Amino acid sequence: MKLAIDCRMSGKSGIGTFFDGILPYLYRNIENLVLIGFDDGVIEAKKSLFPNARFISCSIKMFSIKELFNFPKDILREINECDAYFTPYCNIPGGIKVPVYSTIHDVVFLDVKGLASTAGTFARKLFYKNAIAKSRCIFTVSEFSSARIKKQLRCKKDICVVYNGIPAYLETPVEPKPEKDSSIIYIGNIKKHKGLSILLGAYEKFLSKTSFQQDEKPVLLVVGKQDNFRSSDDSAGVTISRINEAYPDSIKFTGFIGDEDLKVLIAKSRFLVQPSLYEGFGIPPLQALYMGTKALISDIPVFKEIYEGFPVTFFKSEDIDDLAAKMDSLWNSKETGPNPKDIPQKYSYESTAKLILNKITKSK
């Protein structure tokens, strides 16, 4: 089998993590891979990882007019000599004639109002519709997302749920095992559906009502750059400043950090809080559990699906008082964090890649 794969999301967070997780397993199980779109600067390094693959440079931006109507003919020729084309996202270049298999991770821009302008939401819906029309099968990462795709896009095509997996860097523990400190970690962004405003409100209540030892005052550790949390139409930056004025240095930003540094920060934290209002899957709680750190997560439907049977603590979604109370409970709990060996072995990128390959090979 000869499979062409869009690699332009590689190295990015979110969908890039999904793609980089499955690619090594796809490579091991397909004789002839055509990898399209790695940056010129990393192709040589990637060749050492995938020496038998064919690499094609491509600088065409995803979701661009050129991608849809003027994709390079030489690249299209290579794609159309393959048996199938797979993309880890919902963008599909115009001119592909072989069977297409695409991925819609979620439809958050259709389900959550205000994430984009009316025009932006309409454009995203067109891309989703285009992916459904051109694809032989749609992959997605949860039964929740599958249901929302069917409802919002009236999708009648085959939808295959493949789930996310454990990123490779989490498969080995931090050695030596670090001691827990006084940090509470949040991995996310300022977008409304991530629930940061709920977390900040709960954290402020938690600080005002919980007694702390002088040497272990809590710190909310926000993974990311502080500049990314400033927005003219969002009050998060104002709230963060107010909390830090009342409780100096109680919220800190990590700036950009690599995977190994992130592992250490997660492993040292008392617990992780994931206050999301909406997700397609939600990887950070899985990251925490594998680092021996407790996870406090909202009881949204997708988390109930993904983390059923996992040692997590749920709080009532959007309920600041309940979240503050659960934070207090976890902070004062004497129970140790989860043992990674006791976590259900339910999610792996190897299994995900096998499901994708089975679907492609059986339906081509």
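Me: What covers the buried residues of helix 7?
Reply: The model is predicted, so take everything here as computed from it. The cover over the buried residues of helix 7 includes helix 5 (108-111), helix 6, strand 6, strand 7 and helix 12 (301-306).

Me: And which residues of helix 7 are the buried ones?
Reply: F144, S145, S146, I149 and L153.

Me: How do helix 6 and helix 7 cross?
Reply: Their axes come within 11 Å and cross at roughly 105°. Angles of 65 to 115 degrees count as roughly perpendicular, and therefore helix 6 and helix 7 are roughly perpendicular to each other.

Me: Which side chains or backbones make that contact?
Reply: From helix 6 you have K125, Y128, K129 and I132, and from helix 7 I149, Q152 and L153. I149 and L153 are also on the list of buried residues of helix 7.

Me: What happens just after helix 7?
Reply: R154 takes a positive phi there, about 50°. R154 sits in the loop between helix 7 (143-153) and strand 7.

Me: Is R154 buried or exposed?
Reply: Exposed, with a relative accessible area of 69%.

Me: What about F63, what's its phi?
Reply: F63 has a positive phi of about 60°, although F63 is not a glycine. You'll find F63 in the loop between strand 3 and helix 3 (65-69). At 28% relative accessibility, F63 counts as partly exposed.

Me: While we're on the backbone, where is there a cis peptide bond?
Reply: Between E175 and P176, with omega about -10°. P176 is in the loop between strand 7 (158-161) and strand 8 (183-187).

Me: OK, switching to aromatics. How many aromatic pairs are there?
Reply: The count comes to 17 aromatic pairs. Take F38 and F55: their ring centres are 5.9 Å apart with the planes at 40°, so the pair is tilted.

Me: Where in the chain are those two?
Reply: F38 is in the loop between strand 2 (32-36) and helix 2 (40-49), while F55 is in strand 3 (residues 54-56). They are 17 residues apart, and the pair links distant parts of the chain.

Me: Buried or exposed, F38 and F55?
Reply: F38 is buried at a relative accessible area of 3%. F55 counts as buried too, at 10% relative accessibility.

Me: Which residues form an aromatic cluster?
Reply: Y163, F281, F303, Y307, F310 and Y347 form one.

Me: Which charged residues lie over the face of a ring?
Reply: R124 lies over the face of F109, at 3.9 Å from the ring centre. K304 lies over the face of F314, at 4.2 Å from the ring centre.

Me: Back to helices. How do helix 8 and helix 13 pack?
Reply: The axes of helix 8 (residues 196-209) and helix 13 (residues 320-332) come within 8 Å and cross at roughly 55°. That makes helix 8 oblique to helix 13. The crossing is right-handed.

Me: What makes the contact there?
Reply: On helix 8 it's I198, L199, G201, A202, Y203, K205 and F206. On helix 13 it's I320, D321, L323, A324, M327, D328 and W331.

Me: Last one: what's the angle between helix 1 and helix 14?
Reply: About 65°, with the axes of helix 1 (residues 15-29) and helix 14 (residues 349-363) 8 Å apart. That makes helix 1 roughly perpendicular to helix 14. Their crossing is right-handed.

Me: And who meets whom across helix 1 and helix 14?
Reply: T17, F18, G21, I22, Y25, L26 and N29 in helix 1 meet Y349, E350, T352, A353, I356 and L357 in helix 14.

Key. Residues numbered from 1 in each chain as written. Predicted model: local features only at pLDDT ≥ 70, side-chain atom pairs only at ≥ 80, totals over all residues. Heavy atoms only, no water. Phe/Tyr/Trp six-rings, centres within 6.5 Å; stacked < 30°, edge-to-face > 60°. Helix = DSSP H or I, 4+ residues; strand = E, 2+ residues; numbered from the N terminus. Buried < 20%, exposed > 50% of the residue type's maximum accessible area, 1.4 Å probe, protein only. Lys NZ or Arg CZ within 6 Å of the ring centre and 35° of its normal. Axes fitted to C-alpha atoms, helices over the stretch in contact; angles between N-to-C directions. Parallel < 35°, antiparallel > 145°, perpendicular 65-115°, else oblique. Left-handed = near helix turned anticlockwise from the far one by under 90°. Contact = heavy atoms within 4.5 Å.
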